[in-house]
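Work through the exercises below with the model open. Try each task before reading its solution.

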Amino acid sequence: MKIRNIMSKKVVTCSIDDSISQCLSKMEKNKIHQLPVMRDEELLGIVKLADIVEKEFEPSKTKVTSVMRSTPTVSSSESVEDVIELLVKANLRAVPVYDKNLVGIVTESDLMKAIDVSGTVDEYSRDAVYVHEDDNIAKVKNLMKYNNISRIPVMKKGECVGLIGTIELIPLLHGKDKLDSRGGKTKMKGAKEKLHLNQIPVKGFMRKVVVVDENIKMADVINKLKKNKEVIVQGDGHIKIMTPKDVLRKIIKPRKQLYFQISGLEDEDVMDVAKIHKILGNMLKKIANVVEIQPLAIYIEHHNKTGSKTKYSVRLQLPTQIGMFVVTKAWSYNVITALQEAVNNMEKQFWKKYEKLSKRGRNV
């Protein structure tokens, strides 16, 4: 089957001149997580809601270029199988369809309608990171950031009662409303005050979510995923989550290449790109020899930039089949030094856990 048969032809986009606030409004209105960035008819990149959630800035005064990233594209004549592989490897929820100009977009949900899946629910679901309804939004944001996830189930007395995702955080990201939680409900007031996320309960922002028993047939779960962005699988004493990406990831062939995404590189860092790729490639090859890995995310930030002297911080996130490995920040006035320190810390984390699980040490 070709992509032209399943893609969405109506594409919501933003302009290169738009503010983050304008992008958030479009995402919230259309319940979407990614927007292609355009200059007239030219596709320049994509902006992800997850990237906006992670940043700290004033949305109305910040342009989309501050979080825009490059994006792969597909043609309308490409096969569903090839696009699934691309979407999973690039860790995206949607990929623009480009035939001389932007003609559509293909999402995870679109792809779910074009596949056949066999197996058990346990094969496709994964342990869920969750919060309780009385936890605060600050906890949700921290869990999203350090676990590289965009949705979190909400629990009450051992039962899943809802879910909070990045879409539900948009009213807070606008940063222009004061919240009143009296009476157990969260209400919006038109006061321009900075939000205190540690005082805002999750239950005021969570939405309904589909919850199924762990003994449900996989075919029934797939039918639910064609209409919903996720399904919560609840068993005796545990909770799991299944998303379209979890399903798509399982049905593609094991990839032979190793992928990583770097955000935060600026013009002055270009000379270091080859060194950065070599350092990251060496680490990924060693780890991929023993476990299955997903794309590595690298976040480079510039601090105290005065004249020619800049202090760098590097953060890494690597999802693997034995868990998520995160290096919060490594610092240096040299980007390569900071990166190498972050890589060394990640390798220590990984091998410590791997050796504990395997009880046979590493053999690289």
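**Exercise 1.** Find how far apart the closest N and O atoms of glutamate 230 and arginine 207 are, and which elements hold the two residues.

Solution. Glutamate 230 and arginine 207 form a salt bridge, with 3.0 Å between their closest N and O atoms. The term covers a side-chain nitrogen of Lys or Arg within 4 Å of a carboxyl oxygen of Asp or Glu. The pair joins distant parts of the chain, 23 residues apart. Glutamate 230 sits in the loop between α8 and β13, arginine 207 in the loop between β11 and β12. Helices (H or I, at least four residues) and strands (E, at least two) are DSSP runs, numbered from the N terminus.

Two notes on the source: this is a predicted model, where local features need pLDDT of at least 70, side-chain atom pairs count only at pLDDT 80 or more, and totals for chains, interfaces and linings use all residues. Residues are numbered from 1 along each chain as its sequence is written, and side-chain values use heavy atoms, leaving out hydrogens and water.

**Exercise 2.** Locate the salt bridge between glutamate 230 and arginine 151.

Solution. Here the closest N and O atoms are 3.3 Å apart. Arginine 151 lies in strand β8 (residues 151-156), 79 residues from glutamate 230. Next, check accessibility. Buried means under 20% relative accessible area, exposed over 50%, partly exposed in between (1.4 Å probe, protein chains only). Glutamate 230 has 3%, so it is buried. Arginine 151 has 10%, so it is buried.

**Exercise 3.** Is glutamate 168 buried or exposed? Then describe its salt bridge with arginine 207.

Solution. Glutamate 168 has 13% relative accessibility, so it counts as buried. Its side chain meets that of arginine 207 in a salt bridge of 3.1 Å, N to O. Glutamate 168 is in the loop between β9 (159-165) and α7 (170-173), 39 residues from arginine 207. Arginine 207 has a relative accessible area of 27%, so it is partly exposed.

**Exercise 4.** Which residues are linked in a network of salt bridges?

Solution. Arg151, Glu168, Arg207 and Glu230 are linked in this way. The structure holds 16 salt bridges.

**Exercise 5.** How many disulfides does the structure hold?

Solution. The count is 0. A disulfide is a pair of cysteine sulfur atoms within 2.5 Å. Take cysteine 14: the nearest cysteine sulfur, that of cysteine 23, is 3.7 Å away. Cysteine 14 is therefore in no disulfide. Cysteine 14 is buried at 2% relative accessibility. Cysteine 160 is also buried, at 12%.
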